[in-house]
Amino acid sequence: MRGFFLLMLLALTLPGIGQTPQVPGRMEFGGIKLIIDDPARREIQESVDALTANPKYFNVHVQRARSYFPIIERVFKEEGLPLDFKYLVLQESALLPDAVSSSDAVGFWQFKDFTAMEMGLRVDRSIDERMNIVASSRGAARYLKKNNTRFFDNWIITLMAYQMGPGAAIKAGGEKYKGQKTMTIDRRTYWYIKK
């Protein structure tokens, strides 16, 4: 499922799906201006090309996104989270409610049980709200906002922390980007951000 995040950010805005999206040199995410240098653009473009190579496979994911994104957008607006984060769900689960990772993270947003419960989701033998698009999207919004407010004041580093955890993101140097509104994406940028 890697690569869907940026790919869908590019592809869902295209009028037709018959062409491979080209990775731009500049874009914005969560109010942060991103400059993507040429080596990073080529690396990302390889992932985009691979993901669009099978139109049937790609179109299934686009249709799934078109069905679920209005729900996620509504929740994110209510929670005050940048709408750009809706694409993260594609990276995490490809919008499959019953997705399970090798580390036992479950659902649309791939929460482990303890994190889901910390974010107010019900997870027990009867109900697992990680598989509910509204409840899990609300939990994801709360988790992202909490980490951004508490640690980073930078949505790109908050994105990195979603995958590796806030403590690991701090150890990886994420705090040096605190409050920055412009960032360069290059070959050294953490893989999850590029995906």
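Predicted model: local features only at pLDDT ≥ 70, side-chain atom pairs only at ≥ 80, totals over all residues.
Reader: Let's start with H3. How many residues does helix H3 have, and how far does it reach?

Author: Helix H3 covers residues 55-79 and has 25 residues. From its first C-alpha to its last it reaches 34 Å. That is close to the 36 Å expected at 1.5 Å a residue.

Reader: Where does the kink in H3 lie?

Author: At tyrosine 68. The kink is about 40°.

Reader: What goes on at the start of H3?

Author: Asparagine 54 makes a contact there. One of its side-chain oxygens comes to within 3.1 Å of the backbone nitrogen of lysine 56.

Reader: What about just after H3?

Author: Glycine 80 sits there, with a positive phi of about 75°.

Reader: Now the loop between H4 and H5. Which residue there has a phi near 55°?

Author: Alanine 94, and that phi is positive in a residue other than glycine. Its loop runs between helix H4 (88-93) and helix H5 (113-118). Glutamine 110 lies in the loop between H4 and H5 as well. Its phi is also positive, about 55°, although glutamine 110 is not a glycine.

Reader: Is alanine 94 buried or exposed? And why?

Author: Buried, because its relative accessibility is 1% and the cut-off is under 20%. Glutamine 110 counts as buried too, at 13%.

Reader: Switching to threonine 52. Where is that?

Author: In helix H2, residues 38-52. Threonine 52 is buried, with a relative accessible area of 14%. Its side chain reaches the backbone oxygen of aspartate 49 at 3.3 Å.

Reader: Okay, the sheet. What is the strand order?

Author: E1-E2-E3. It is an open sheet of three strands, with mixed pairing.

Reader: Which strands stand at the edges?

Author: Strand E1 (26-29) and strand E3 (182-185). Each has a single partner strand, so one side of each has no neighbour in the sheet. The twist averages 30° from one strand to the next.

Reader: How many bridges join E2 to E3?

Author: Four, and the two strands run parallel. E2 spans residues 32-36. Isoleucine 35 stands opposite threonine 184 in E3.

Reader: Last one. Which helix lies across E1, E2 and E3?

Author: Helix H7, residues 155-164. H7 runs at about 75° to E2.

Terms used. Residues numbered from 1 in each chain as written. Heavy atoms only, no water. Expected span 1.5 Å × (residues − 1). Bend = angle between axes of the 7 residues up to and from the residue. Polar contact = N/O pair within 3.5 Å; in protein donor to acceptor, adjacent residues only side chain to side chain. Buried < 20%, exposed > 50% of the residue type's maximum accessible area, 1.4 Å probe, protein only. Pairing = 2+ DSSP bridges. Axes fitted to C-alpha atoms, helices over the stretch in contact; angles between N-to-C directions. Contact = heavy atoms within 4.5 Å.
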